[in-house]
Amino acid sequence: MARIRKVEISNFRCIKQLTWLPDSGVNCLIGPGDTGKSTILDAIDLCLGARRSLQLTDADFYRLDVENPISITLTIGDLDDALKNIDSYGLYLRGFDPATGTVEDEPEKDHEVVLTLSLTVEGDLEPEWCLVSDRARTQNSARGLVWSDRVRLSPTRIGALAQANLGWRRGSVLNRLTDEKADATAALTKAARDARAAFGDDADSQLSSTLTMVQDTAKDLGVAVGTRVRAMLDTHSVSFSGGTISLHTDEGVPLEGLGTGSTRLLIAGLQRKAAATASIVLADELEYGLEPHRIMRFLDSLGAKETQPPLQVFMTTHSPVALRELSGDQLLIVREVAGEHQIMRLGSESDVQSAVRLYPEAFLSRTVLVCEGASEIGFVRGIDQWAYANGYGSIAASGVALVDCGGGDADKPYTRALAFQRLGYRVGVLRDDDKKPSAEIERQFKDCGGAVFHWTNARALEDELFLNLPISAVGRLIDYAEQQHGDQQVDSQLRSESSNRVNLASVRHDLEMDALSLETRAFIAKASRKRRAGWFKSITWMEEIAREIVGDALESSSGELRNIVFDAFGWMHNA
Amino acid sequence: MPEPSIDLLAIERGTVTAPAGCGKTQLIADALKRHAEIKPILVLTHTNAGVAALRARLDRAGVSPKTYRLSTIDGWALRLLSLFPVRGGITQEQLQLTNPKTDYPAIRKAAVRLLRDSHIDDILKSSYARLIVDEYQDCSLPQHAIAGLAARTLPTVVLGDPMQAIFGWQGNELADWEKQVCTYFPLAGELNVPWRWRNAGTEAFGQWLLHLRRLLMSGTAIDLRDAPGEVVWIQLNGTEDRTLQLRACQTKAPSADGNVLIIGKSTSPPSQQEFASQTPGAVTVEAVDLKDLVNLAKDFDFHAADALDKVVSFAASVMTNVGAPDLLRRVGVLQRGTERREASEVERAALRFVAERSPRTMVDLLVEIGKDAGVRTYRPAVLRACIKALQSCDGGTGNTFYDSAVRAREQNRLLGRPLPRRAVGSTLLLKGLEADVAVVLDASELDARNFYVAATRGSRQLVVCSRQSILTPRI
């Protein structure tokens with residue numbers, strides 16, 4: 001039932017330095033790609049796995065700098081009796097203070113007894129596993145874990161190629177379920193001999209001329225090969241090694257033929273059963289090969305929902321489904337800050353917890369743009385699609401996620417934005433200007449490096465569009481509104497919102513004339529955003545007009561519209 | 001086999017009183033043999049010799065070494081502290097035992113601290129199934145504290161016999177059996193079958209010794225004339241005591257390969273040595289500190305003018321009939337070249353030593369002296385250790401004769417003592433050794449406990465020299 005209490009990594013692949021106190025249950029690492037999530041799993045695997053050698057290259061050193069040795073140090077608690085044995089490990093037993101996360105060199109009352117295991121690799125690429133304590137160092141004594149203890153501590157890795165676990169191979173989870181052992185040696189040896197006998201001298205006739213040549217050459221050179229060279233089945237070719245016994249269906253089909261997802265799911269389930277003896281699991285890309293409903297089963301079988309976690313799981317994911325299924329305490333963001341890797345727990349505060357449920361995707365990005373409502377979301381998406389179609393990069397490629405605040409209170413986007421900001425995300429807010437947020441919260445957000453984009457002069461998005469777009473674009477927006485909502489509704493909203501100063505026909509006339517007064521533009525804007533009857537008030541509609549109409553018209557629009565949009569996109573791309 | 005009613009493995013915390021020869025070691029061996037858990041049982045005793053003896057007994061009884069960890073209490077304390085020095089509050093210097101007189105008490109104190117503050121409870125629980133402490137009557141107060149604190153974590157049973165507690169002296173106060181041992185480790189049973197004597201076919205003798213033990217405990221007088229036939233009383237009369245004692249020393253063992261232990265005066269090793277030198281075939285049992293050897297080595301200078309004198313007088317202190325003055329005079333004559341008689345082997349060896357002054361020539365000299373006609377080594381343990389020390393030293397820094405002698409002494413501590421056919425010692429030296437015949441040279445020199453230890457050394461015969469047949473040893 002071992003648990004990793006502390007992880008320290010230096011100079012390993014993309015990680016220069018990392019110190020982390022993992023949880024004893026599920027630790028799901030998230031964050032944008034290439035931040036080192038898998039490197040952390042690899043580090044644990046290399047340090048704790050039962051290996052006698054490692055194939056490492058210069059590329060495994062941080063920035064290829066082989067002068068600085070790779071060092072992976074794991075402090076392990078919840079040790080069983082064998083690992084706390086004073087005769088085997090007395091000099092290496094240490095004390096871990098769970099309150100502060102510090103490791104004392106000697107055990108102490110009320111501290112947990114732990115062992116610290118380290119893997120170091122110098123420039124010669126020779127891995128060295130050893131137990132660590134200051135006492136041992138002063139006494140110049142160095143030793144590692146006993147092999148059998150390493151095998152017991154060895155984590156199970158549920159990787160992309162998890163099939164290895166479906167046979168009784170070394171390190172397979174099957175070996176950890178029970179102590180039962182199948183011994184096929186005798187049967188296999190017999191089979192090998194039988195095969196040799198059955199094959200017999202068949203080869204002699206098939207290879208007779210070659211044999212004659214060998215025979216003659218040997219004779220000429222005086223090499224003793226007996227009276228006749230024979231071709232027989234090589235004993236080595238019929239020798240069998242471990243892993244020859246594996247799981248099959250009742251029809252004899254190997255279970256290795258199962259799909260990736262099924263295999264991983266089955267192994268997770270077996271691992272749960274083997275928790276008493278093998279308690280640490282590593283799962284890369286946990287969603288790999290799994291449909292959403294099976295992701296949930298997978299997490300359940302690893303004990304993600306249990307209050308007493310049966311396994312300590314280290315996993316990575318890019319799946320919003322997985323995020324939604326896990327609690328904020330099980331989710332950890334991996335980041336590099338000023339050359340050091342940091343791992344930050346999302347935590348269980350309610351605003352974070354609800355953000356995870358609502359916008360799991362946002363937690364998988366680098367940059368988050370918190371949008372006031374559906375219109376802003378649709379607008380940004382539409383402009384992004386237009387830009388992409390016109391040869392610019394997409395914000396998705398820059399790792400940007402959009403978060404919808406669903407309108408309402410003007411401070412709401414900031415509460416949400418601050419939650420992301422605290423977790424180290426690069427956060428921006430895109431809001432209307434008709435209802436202003438409290439100055440205090442906006443200043444706080446900006447002081448922490450937040451970016452704010454808003455329309456001008458107390459305007460909403462529609463105001464900014466209708467007041468600044470060229471006439472042709474305004475006309476197309478009205479065409480779009482007519483198509484979506486029918487001319488009657490457009491007409492009646494124009495009439496009512498302008499107190500009968502304009503109507504659909506008068507607007508059409510003005511458009512024909514290319515003479516749209518600012519007043520009329522303002523009436524159209526007001527009509528377009530009538531509460532509960534907005535012409536573009538849905539993500540789809542706004543997305544569509546932004547893509548089809550606004551994008552092309554931005555260059556020739558007046559006022560601040562163009563600048564605001566360009567600023568926001570520039571910020572999003574310049575992560 | 002011993003009382004099946006006492007199951008050491010079932011005792012959570014307790015004491016088993018074990019009179020001499022009543023199967024205590026067998027009881028421990030049986031418990032260890034039945035112990036099937038993976039975690040070993042920690043077995044502690046007092047002296048390194050005790051460890052060696054117990055290990056040999058357990059080996060003979062076929063106990064797998066996997067089932068137990070055996071150490072002295074001090075050795076175990078030292079080990080704990082070398083693993084966790086900071087928690088015990090001990091310095092590296094103290095762990096080196098450079099000043100054993102102060103370092104051992106400091107180590108015991110530190111071990112008490114380490115255990116008392118519960119720093120390693122979890123580790124002890126993980127490492128040992130339970131604790132057995134043997135020879136508990138010899139436990140000093142700090143050692144009793146160590147066992148008692150370990151017993152908070154481990155099921156513990158202690159075994160011993162208050163009547164064999166003879167190691168208490170100034171500065172080494174023993175835990176009181178009734179008031180301290182049995183209150184902390186409640187009495188779980190007392191062995192009462194005299195196995196050693198039953199096996200030797202002298203059950204009545206064995207029963208009498210158990211009876212004797214009770215009398216001694218209560219301070220009641222003992223009349224040796226009431227004892228069974230195996231007990232021989234030799235009356236001392238004040239005029240020819242020495243003759244009578246020397247005759248007692250020559251008591252025959254009941255069989256050809258039998259052995260005799262002769263118990264002399266504890267406080268006077270020289271008198272024990274004298275008896276050994278005057279009794280054919282007798283040798284001394286030496287204290288583990290090998291003081292005479294270490295003293296010789298301490299300020300021995302191979303190049304000093306009196307080096308030869310020292311070697312020869314050392315030889316005379318471990319061998320009979322060395323004729324030291326004659327030998328020294330002859331060497332002088334030979335050196336001046338005024339001899340009329342040719343040099344003997346011994347004398348030639350002495351000349352070589354004087355010429356070369358090396359450890360090697362010193363060994364040769366000692367060996368040659370031993371080979372001389374009429375010479376008998378009566379302190380072989382000291383001579384053997386001396387020769388061993390000389391052979392392994394080279395005079396270099398860290399490997400002088402003295403360094404080597406100290407090493408030989410430390411090795412000697414760890415070795416079990418082979419029992420000679422006829423050995424002279426004291427109760428302190430002979431405790432734990434068993435023979436066919438025990439000879440007490442003067443009962444009046446022994447208090448109740450020492451007399452009990454002495455009386456129980458022989459399984460076939462006990463010879464007691466005393467003025468009166470009625471004894472009332474001090475309790």
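Ser118(B) sits in the loop between α6 (100-116) and α7 of chain B. This is a predicted model. In it, phi of Ser118(B) is near 60°, a positive value in a residue other than glycine. Most residues other than glycine have a negative phi. Ser118(B) is partly exposed, because 17 other C-beta atoms lie within 10 Å, and a residue counts as buried only from 20 or more.

Asp110(A) belongs to the loop between β6 (102-104) and β7 (112-121) of chain A. Is Asp110(A) buried or exposed? Asp110(A) has 10 other C-beta atoms within 10 Å, so it is exposed.

Now turn to where the chains meet. The contact takes 14 residues from chain B and 13 residues from chain A. On the side of chain B that touches chain A, the elements giving two or more residues are α4 (85-88) and α7 (121-127) of chain B. Of these, α7(B) gives the most, with four residues. By type, the residues on this side of chain B divide into five nonpolar, four polar and five charged.

The largest nonpolar core has 283 residues. Those with the most contacts inside it are Ile44(A), Ile262(B), Val439(B) and Val440(B). Helix α21 (residues 539-553) of chain A gives the most to this core, with eight residues. What does Ile44(A) touch, leaving aside its neighbours within four places in sequence? Its contacts are Ile4(A), Val7(A), Leu74(A), Pro155(A), Leu282(A) and Phe314(A).

Chain B also holds an open sheet of six strands. The order is β8-β15-β14-β9-β13-β10, with parallel pairing. At the edges are β8 (231-235) and β10 (283-284) of chain B, each pairing on one side only. Within the sheet, β14 (residues 435-440) and β15 (residues 458-466) of chain B pair in the parallel sense over five bridges. Here Ala438(B) stands opposite Leu462(B) in β15(B). Helix α12 (residues 241-249) of chain B lies across β8, β9 (260-263), β14 and β15 of chain B. This helix runs at about 175° to β15(B).

Last, return to chain A for helix α8 (residues 208-221). It has 14 residues and reaches 20 Å from its first C-alpha to its last, close to the 20 Å expected at 1.5 Å a residue. How many of the residues of α8(A) are buried? The number is zero, so α8(A) lies largely in the open. After α8(A) comes Gly222(A), whose phi is positive, near 70°.

Conventions: Residues are numbered from 1 along each chain as its sequence is written. Chains are lettered from A and ligands numbered from 1 in the order in which they are written. This is a predicted model: local features need pLDDT of at least 70, side-chain atom pairs count only at pLDDT 80 or more; totals for chains, interfaces and linings use all residues. A nonpolar core is a set of buried Ala, Val, Leu, Ile, Met, Phe, Trp, Tyr and Cys residues joined through C-beta atoms within 7 Å. A residue is buried if 20 or more other C-beta atoms lie within 10 Å of its own, exposed if 12 or fewer, and partly exposed in between; C-beta atoms are placed from the backbone. Two residues are in contact if their C-beta atoms, placed from the backbone, lie within 7 Å. Two strands pair if DSSP finds at least two bridges between them. Axes are lines fitted to C-alpha atoms, for helices over the stretch in contact, and angles run from 0 to 180 degrees between N-to-C directions. Ala, Val, Leu, Ile, Met, Phe, Trp, Tyr, Cys and Pro count as nonpolar, Asp, Glu, Lys and Arg as charged, and the others, Gly among them, as polar. The expected span of a helix is 1.5 Å times one less than its number of residues.
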